[in-house]
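Please look over the model below before reading on. The points that follow run from the whole chain down to single residues.

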Amino acid sequence: MNRFPLKIAGVAIALTMASQAWAGDQYVDPTGFAVSGYDVVAYFDLEQNPVGSAQPAAVPGDKDITTTYNGATFAFSTEANKAEFEANPEKYLPQYDGHCAYGVAKGGKVPGNPNLWRILDGKLYLNITENVVGFWEEDIPGNIQLSEANWVNIEADPASDRPIPQFESSAPVE
């Protein structure tokens with residue numbers, strides 16, 4: 001009996017479990033939903049405005065159209081969007097578990113506002129306030145590079161428990 005394939009399978013399972021344990025928690029605000037109850041798939045259908053301009057408002061999810069991923073509940077505006085997310089969640093998840101991209105660039109976890117978003121290279125980024133969006137947009141590539149370098153050190157830290165400043169979700173409450 002060749003035990004090499006069994007050892008390979010065991011290592012693969014251990015690595016998978018370790019990476020799942022290492023994954024950080026999604027930011028969940030008082031709505032009880034990730035991304036404050038907004039539909040993460042719908043962002044990819046919105047027309048994105050140029051840097052320096054406000055983005056269109058995020059699309060609220062429906063409290064009856066949900067799924068759970070990475071320990072958080074996500075709401076969707078349609079069953080089709082829910083199915084699309086379930087088929088490929090990594091494609092639609094906000095970067096940094098829904099925390100502010102600029103905050104991560106600065107080395108911490110603060111909430112991401114679902115209406116302060118941008119999609120770059122097929123990835124959804126959120127920021128916390130309009131002022132922060134301005135700082136982030138001054139050097140998006142540099143800030144993403146800083147965020148990526150910092151994220152490996154803070155990803156496993158607990159999710160932020162702070163509220164999003166000057167924001168009230170119009171999305172559903174769980």
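1. Surface. The protein chain exposes about 9400 Å². Carbon and sulfur atoms supply 54% of that area. Areas come from the Shrake-Rupley method with a 1.4 Å probe, and for residues only the protein chains shown count as cover.

2. Basis. This is a predicted model, in which local features need pLDDT of at least 70 and side-chain atom pairs count only at pLDDT 80 or more, while totals for chains, interfaces and linings use all residues. Residues are numbered from 1 along each chain as its sequence is written, and side-chain values use heavy atoms, with hydrogens and water left out.

3. Fold. The protein chain has six helices and four strands. Their order along the sequence is α-β-β-α-α-α-β-β-α-α. Helices (H or I, at least four residues) and strands (E, at least two) are DSSP runs, numbered from the N terminus.

4. Of the 174 residues in the protein chain, 45% are buried. Buried means under 20% relative accessible area, exposed over 50%, and partly exposed in between (1.4 Å probe, protein chains only). Among contacts with a separation of 6 or more, 65% come from residues 24 or more positions apart. A contact means heavy atoms within 4.5 Å.

5. His 99. Where is His 99 found? His 99 sits in the loop between α3 (89-92) and α4 (101-105). The relative accessibility of His 99 is 0%, so this residue counts as buried. Neighbours within four places in sequence aside, the contacts of His 99 include Asp 25, Tyr 27, Lys 109, Leu 126, Trp 151 and Ser 160. Val 104, Val 110, Pro 111, Gly 112 and Ala 159 also touch His 99.

6. Aromatic pairs. The structure holds ten aromatic pairs. One of them joins Tyr 43 and Trp 117, edge-to-face, at 5.3 Å centre to centre with 65 degrees between the planes. This pair links distant parts of the chain, 74 residues apart: Tyr 43 is in the loop between α1 (4-22) and β1 (62-69), and Trp 117 is in strand β3 (residues 113-120). Tyr 43 and Trp 117 are both buried. The rule is as follows: rings of Phe, Tyr and Trp (its six-membered ring) pair if their centres lie within 6.5 Å, with planes under 30 degrees apart counted as stacked, over 60 as edge-to-face and the rest as tilted.

7. Phe 44 and Tyr 92. The ring centres of Phe 44 and Tyr 92 are 5.2 Å apart and the planes stand at 85 degrees, so this pair is edge-to-face. Phe 44 lies in the loop between α1 and β1, Tyr 92 in helix α3, 48 residues apart. Buried or partly exposed: which is Phe 44? Phe 44 has a relative accessible area of 25%, so Phe 44 is partly exposed. Tyr 92 is buried, at 2%. Elsewhere, ring pairs link Tyr 69, Phe 74, Phe 76 and Phe 85 into a cluster.

8. Helix α5. The buried residues of α5 are Val 132, Val 133, Trp 136 and Glu 137. Why do they line one face of the helix? Seen down the axis of α5, the buried residues fall within an arc of 135 degrees, so they line one face. The arc is that of the directions from the helix axis to the C-beta atoms. An α-helix has 3.6 residues a turn, so residues three or four places apart point the same way. Asn 131 and Glu 138 are exposed on the other side of α5. Cover for the buried residues of α5 includes α4, β3, β4 and α6 (140-154).

9. Salt bridges. The count is two, where a salt bridge is a side-chain nitrogen of Lys or Arg within 4 Å of a carboxyl oxygen of Asp or Glu. Arg 118 pairs with Glu 137, the closest N and O atoms being 3.3 Å apart. That pair links strand β3 to helix α5, 19 residues apart. Arg 118 and Glu 137 are both buried. Asp 64 forms a salt bridge with Lys 63, with the closest N and O atoms 3.7 Å apart. Asp 64 is exposed, at 60% relative accessible area. Lys 63 is partly exposed, at 49%.

10. Thr 129 and Gln 166. Thr 129 lies in the loop between β4 (123-127) and α5 (130-138). Thr 129 is buried, with a relative accessible area of 18%. Leaving aside neighbours within four places in sequence, Thr 129 contacts Leu 116, Pro 165 and Gln 166. Gln 166 lies in the segment after α6 and is exposed, at 76% relative accessibility. Gln 166 and Ile 128 are 38 residues apart in sequence, and 9.4 Å apart in space, C-alpha to C-alpha.
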